[in-house]
Amino acid sequence: MSTQPKSTMMGNISGHGCSKPKESEQVGSPRIKLSDGRYLAYRETGVPKCDAVYKIIIAHGFGSSKDMSFLAPQELIEELKVYMLLYDRAGYGESDPNPKRSLKSESQDIEELADQLELGVKFYLIGVSLGLHGVALVATTVNYNWPSIPERLIKDDFRNNLLKFGLWVVKHMSGLLYWWMTQKLFPSATVMEKNPVFFNDRDQDVLKRTPGFELLSEDKLGTKSIFENLRHDFLAGMGKWEFDPLKMSNPYPENESSVHLWTGFEDRVVPVELQRFVSSNLPWIKYHEVPCGGHLIVYDSDVCSAILQALLLDEEPASYIPNLSTAIA
């Protein structure tokens, strides 16, 4: 989880239907050229940028792309005059990979995207899952390696050992992992794809019908470049960080904005116990819990509406205020 101040709210002043960045290369989608020579692809939706009251960048999660759906009703988007910019993070979709990917480089990509598309002096950033930057963090990943997470919370969590094993394999035996995921002799269905251990019933429905959420499907992993990009993304997000997010101070001490954390009570990728611990240690975060939600709550129209209303209008959705005194089974 990161709320890098410059990349979340600050940019420099255009729209789908208004103007184009100075440097772009057309592939299938518009792209900007970054300062290091890479290209970053993006997609614009909502109202035209030049008519917008609110401008939002959405950073997709692991295995997804700019084609993900943010299902806020069109009527609400038009009523609030919201412009949304979704982009392919480095190596995803039509964006070039970044062999030096890090949390810092992800933040810099967002800054350059906002500057070249001239989003203005204020915009909002929504980060989904492993898209770790944002002032609205939706089902955000919690790294089990963060120093402030107590052992009592994770010692019996199977995800902790799975993460440790996964990090070792992708660092030291990536070739063998690639072979296993692509060989045809044995069923090698990926660990996470449509696995009920990680996805509740609502998530399973999303995976059946929603584009823009590739995950680790076998046909995608057959392409070595996709496999390598997923590997680097996993290492950047779940490896060792240079700072402890749970030691962060409020980036908005004058209440000029706020940071929101959204999680599903039935999230089986990032357990709700960890999200509650994060929110209790960072009291300046506004914490929201979706009662029957899994990890893919961003594909729920009601949740997306509530995210916009809370972020833009500071309207607290009563149905998503958690009862923190309720014991978790």
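This is a predicted model: local features need pLDDT of at least 70, side-chain atom pairs count only at pLDDT 80 or more; totals for chains, interfaces and linings use all residues.
Eight strands build an open sheet with mixed pairing. Their order is β1-β2-β4-β3-β5-β6-β7-β8. Strands β1 (31–33) and β8 (285–290) stand at the edges. Each has a single partner strand, so one side of each lacks a neighbour in the sheet. From one strand to the next, the twist averages 25 degrees.

**Strand β5**

Strand β5 covers residues 124–128, and five of its five residues are buried. Which residues lie on each face of β5? Tyr-124, Ile-126 and Val-128 are on one side, while Leu-125 and Gly-127 are on the other. Both faces are covered.

The strand pairs with β3 (residues 54–59) in the parallel sense, over four bridges. Within that pairing, Ile-56 stands opposite Tyr-124. Strand β5 also pairs with β6 (residues 136–138), again in the parallel sense, over three bridges. There Ile-126 has Ala-136 as its bridge partner.

In general, strands of a sheet pair through backbone hydrogen bonds, either parallel or antiparallel.

**Helix α10**

How many of the ten residues of α10 are buried? Seven are, so the helix is largely enclosed by the rest of the structure. The buried residues are Val-272, Leu-274, Gln-275, Arg-276, Phe-277, Val-278 and Ser-279. Their cover includes α4 (151–154), β7 and β8.

**Residues with some exposure**

| Residue | Relative accessible area | Class |
|---|---|---|
| Phe-158 | 39% | partly exposed |
| Arg-202 | 43% | partly exposed |
| Glu-118 | 34% | partly exposed |
| Asp-314 | 51% | exposed |

Phe-158 sits in helix α5 (residues 158–172). Together with Leu-162 and Val-197, Phe-158 makes a nonpolar surface patch of about 240 Å². Patch residues must have over 30% relative accessible area. Phe-158, at 39%, is therefore above that cut-off.

Arg-202 belongs to helix α7 (residues 201–209). Which residues does Arg-202 touch, not counting those up to four places away in sequence? They are Cys-292 and Asp-300. Arg-202 and Leu-296 are 94 residues apart in sequence, yet 8.0 Å apart in space, C-alpha to C-alpha.

**Two positive phi values**

Most residues other than glycine have a negative phi. Glu-118 is not a glycine, but its phi is positive, about 50 degrees. This residue lies in the loop between α3 and β5. Asp-314, also a residue other than glycine, has a positive phi near 60 degrees. Where does Asp-314 lie? Its place is in the segment after α11 (301–313).

**In brief**

The sheet has eight strands in mixed pairing. Strand β5 is mostly covered, and helix α10 is largely enclosed. Asp-314, by contrast, is exposed.

Notes. Residues are numbered from 1 along each chain as its sequence is written. Side-chain values use heavy atoms; hydrogens and water are left out. Patches are made of residues with over 30% relative accessible area and no salt bridge: like charges are joined within 9 Å, nonpolar side chains (Val, Leu, Ile, Met, Phe, Trp, Tyr) within 5 Å. Accessible areas come from the Shrake-Rupley method with a 1.4 Å probe; for residues, only the protein chains shown count as cover. A salt bridge is a side-chain nitrogen of Lys or Arg within 4 Å of a carboxyl oxygen of Asp or Glu. Buried means under 20% relative accessible area, exposed over 50%, partly exposed in between (1.4 Å probe, protein chains only). Two strands pair if DSSP finds at least two bridges between them. Axes are lines fitted to C-alpha atoms, for helices over the stretch in contact, and angles run from 0 to 180 degrees between N-to-C directions. Contact means heavy atoms within 4.5 Å.
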